[in-house]
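Subject: Structure handover

Hello,

Here is the structure I promised to pass on.

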Amino acid sequence: MNNSSDSSEDKGVVIQVKNTQKETVNDFLKKAMEQGVFDAVLISVKVPAGDSFAYVLLTDKELLKDTFPLPPIMSVQGAKAISSITRRGKGNKKIAAIMRPCEIRATVELTKLGQIDLDNIVLISMDCFGVMPTPSFIKDPEKSLKKFEDAIRIEDDTVMRPVCRICDKSSMVAGDLHIGTRGVQKDAFFIVSNTKKGKDILDKLGLISNKNIDTWLAKVKENAKEKQKKRKQAHKDLQSSIKNLDKFLDTFSHCINCHNCMRACPICCCRVCYFDSDKMKHPSDDYLRIAKSKGSIRFLPDTTIFHIGRMVHMSLSCVSCGSCEDACPMSIPVAQLFSMTADETQGLFDYIAGKSLEEPLPLTTFIKEELSEVEDVHD
Amino acid sequence: MDRKIGVYICECGPNIAEKIDIDKVIKAVSPLDDVSIATRYKLLCSEQGKKFLEEQIKKNGLTHLVVAACSPRDHQHTFMTICENAGINPFLFQLANIREQCAWITENKEEATNKAIRLTKAAIGRVRYHVPLEKKEIESNPDVLVIGGGIAGMEASLHLASPQRKIYLVEKTSQLGGVVTNLEKTFPDMQSCPKIIQDKIDQVTNNDNIKVYTNCEVTEILGFFGNFEGTVTQNNNEDKTTVGFNVGAVVLATGCALFDPTDDPNYGYGKFDNVITALEFEKMNLAGNIRLKNGKTPKSVAIIHCVGRDKKGYCSEICCMYSIKFVRYLQNKIPEIKISNFYTDLCLPEKSYQKFYEQSRGKKNDFIRIDSIKITNPGNKLTITHNDEQGNKKSHGVDMVILSPALEPSVDTKKLAEFTRISQDDEGFFAEEHEKLGPVTTSTEGVYIAGCAQGPKSIQNTLIQAEAVAGKILSSLIPGKKIEPEVKVAHISESFCIGCKTCLTVCSYGVITFDSTKKVCVANEVICRGCGNCVAACPSGAASLKHFTFNQLRQELKEAVL
């Protein structure tokens, strides 16, 4: 992401796995902390009650043994955690953030939106196999965790969230370093650097990127291709469920207007959401007028327009992470609908949210030729 | 405060009266809250109409005014002035356009009337929430910074300089005059050029109100219309001295550069002797020394037009004419010479150019239209190989080749565009505000362009632009007169701004800066032109525009659609 010559890396480091993959990742992080490459690590841990997972900023390397680099649920989108740390500017210590590719991509988007300062942050992503829907996980956390681990072992994504099942970017390298576990022997994994920052870290740790990573690349490509096919089909099915205004309204009709989706979304970073603001609070006469013109008006008001408004606001930066859907108490397929829309809107600008820091946000650029496909042409 | 809104519907002669049931509109809007009077009048923009409105406002003690009439482009200003005269703030007024948007677009009187009712209601809905805006006045400096001491910069300076207005004329090289100092004669009148230019230089240097800085470059421009601060650095050998001064306007007259023919190996420039550029030929001619490298007088010359035109993608406007001028130079000085002109297209606009061309054609002077061309040097003789219009390959041997290259932006264009926050066009020249409607103004108020800095042009068109720039400045930056910045300006709420800088990238006027301590964007109201780009782009609802607030627009829309 710093310069393109680094990102086209086709060699990597091979790390031998001792005991479990998780422990080996933690050992790598511990070694880096010991050598002062990072001063702190932002990583997921199991909460003390044992029924959920949370990001912690960890400075005691001994605590690394209790971490879960790829937790079974996404209780907080990692980008939000990084934003909380650096929103007011960078700190003096180097922090490594270990996250899923969609969390790293949201981090890239938030950096472009001025909500994250990446100067002292090292972004490390890992091949992701999806996460389980939070509501189903917490029904029986212990059993669910086992189910999750089994599912990863046998590469079965049916227990994962619907957006994860059709994610074609689960190995996308958008950060500084990436840990590749697809297409490798069980006793090893790859580390690939994507930026100068990432390469410098490997150098400092004495790790040389000279191993062929073709097996990983091939597996990643195969997986993405398969997921793209599924994604296309899923979006086709979804489209028929919202193909006219009535169906669209039906889809959102059980929304309770809690705005949880907006609060869980990493991209929704407004201080106050427009739909929560005074600008959307109107005198009762206005409501009576609307009621008069349409016969009746639903309360709470502005339920559907909230979703459309949010879609307009964030779809160009949506990374299909699924946080909104996890947060919905009414099981509306928000993430599926939003990511489908995002594919379309981002496609109009040839933009992939979170892919690169260098690619400017579509709304900040003006290119004469773009958007011709949706232009009204008057000859 | 009790609002008393007056609603006046203009018949616009038969224009509105015949197409809209005005009484129905009056009936529909009269019962609305705050409407204290709704009535019709024959022609509100007439002298009697204006007087009537002013009296109505006073007599009825109106607080707000709505006029349903024509396009705001026609009479918004008229009615706002009436408000001012009648003692109400001109921004407590709203115009509903029921002529262009209702009367003139349909034959269906009922539909036109219904729409007119909605638009008038929308105007009433909006005007209720208007707030008085106060015009501001700021002191302005009448002095002008002119960058570039060529013919454009000198001409503008001479028109502008007066005891009340100092001109700072900055020239990068050691002398004034620019590219024109190399010419012996001008086309098409074939007047002696050195005299014209020397006269101008003398006038500039003898003018007490023009301060000339040669060997100087502009290194910074800050501020806004009426109050710019320019910094100029003088390069005297090793010493660098810096001067700063305050001015009210900036004129960019930095001229242009020539396309480098070495970029196209087909021309053999830099490789073969006696292949020279037009400017090199001008200098040779001015020195009275048209000679080959070996000191002999050439017997045959090829003039190649349109060099670099393909790569640049535009016609450089003057090359055909100066090439024909070269024909005149050559015929005059070497009567027996054989001349061949190779061109892809001839550009002969203006009232006298065609004649100049026709009079220059003759037995020993060919004009050959070509498709492609290549210059080689077999046996030390320059050979021109070209495809003619029919696609036949032909060859000519000549002693000398003169290349007429395209004009391109000068090297400092990018830097100066950044300093002045104006944009460059697709070709890299300074972009004017509007190709037709604003040919010498730019997106930054108070920054003007004259001459080839804006695009290739002849001396006469350069002078026209320099005069236009002077006219613009003389009429807007009057010594002792304060300037009124835009009132309907953007504001960024500190508590809503997330500091994403999206507004900063979409603002064409350099209004917005980022406060890195507070991590929010800040709009400078003095230079804001009220375009609203930032408001549309702001993802967090922090940017708003006075007189176009969310609530005002919502109230207007509510009445229009509900």
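Predicted model: local features only at pLDDT ≥ 70, side-chain atom pairs only at ≥ 80, totals over all residues.

**Chain B overall**

Chain B has 17 helices and 25 strands. Its C-alpha trace spans about 95 × 60 × 45 Å along the principal axes. The radius of gyration of chain B is 31 Å, whereas a compact globule of 562 residues would have one near 24 Å. Of the 562 residues in chain B, 44% are buried. Among contacts in chain B with a separation of 6 or more, 68% join residues 24 or more positions apart.

**Where the chains meet**

Chain A puts 19 residues into the contact, and chain B puts in 17. On the chain B side, α15 (502-506) and α17 (550-561) each supply at least two residues. Which element gives the most to that side? It is α15(B), with 3 residues. By class, the side of chain B that touches chain A has 8 nonpolar, 6 polar and 3 charged residues.

**Helix pair in chain B**

Two packed helices are described by the angle between their axes and the distance between the axes. I give both values for each pair.

Take α3 (residues 47-60) and α4 (residues 72-86) of chain B. Their axes come within 9 Å and cross at roughly 45°. That angle makes α3(B) oblique to α4(B). The crossing of α3(B) and α4(B) is right-handed. From α3(B), the contact uses B:K50, B:L53, B:E54, B:I57 and B:K58. From α4(B), it uses B:I82, B:N85 and B:A86. The contact of α3(B) with α4(B) divides into 4 nonpolar, 1 polar and 3 charged residues.

**Helix pair in chain A**

Now α3 (residues 78-86) and α4 (residues 101-112) of chain A. How do these two lie to each other, and how far apart are their axes? The axes come within 7 Å and cross at roughly 40°. α3(A) and α4(A) are therefore oblique to each other. On α3(A), the contact residues are A:G78, A:A79, A:I82 and A:S83. On α4(A), they are A:E103, A:A106, A:T107 and A:L110. By class, the contact of α3(A) with α4(A) has 4 nonpolar, 3 polar and 1 charged residues.

Best wishes

Terms used. Residues numbered from 1 in each chain as written. Chains lettered and ligands numbered in written order. Axes fitted to C-alpha atoms, helices over the stretch in contact; angles between N-to-C directions. Helix = DSSP H or I, 4+ residues; strand = E, 2+ residues; numbered from the N terminus. Parallel < 35°, antiparallel > 145°, perpendicular 65-115°, else oblique. Contact = placed C-beta atoms within 7 Å. Nonpolar A, V, L, I, M, F, W, Y, C, P; charged D, E, K, R; others polar. Left-handed = near helix turned anticlockwise from the far one by under 90°. Rg over C-alpha atoms; globule rule 2.2 N^0.38 Å. Buried ≥ 20, exposed ≤ 12 C-beta atoms within 10 Å, placed from the backbone.
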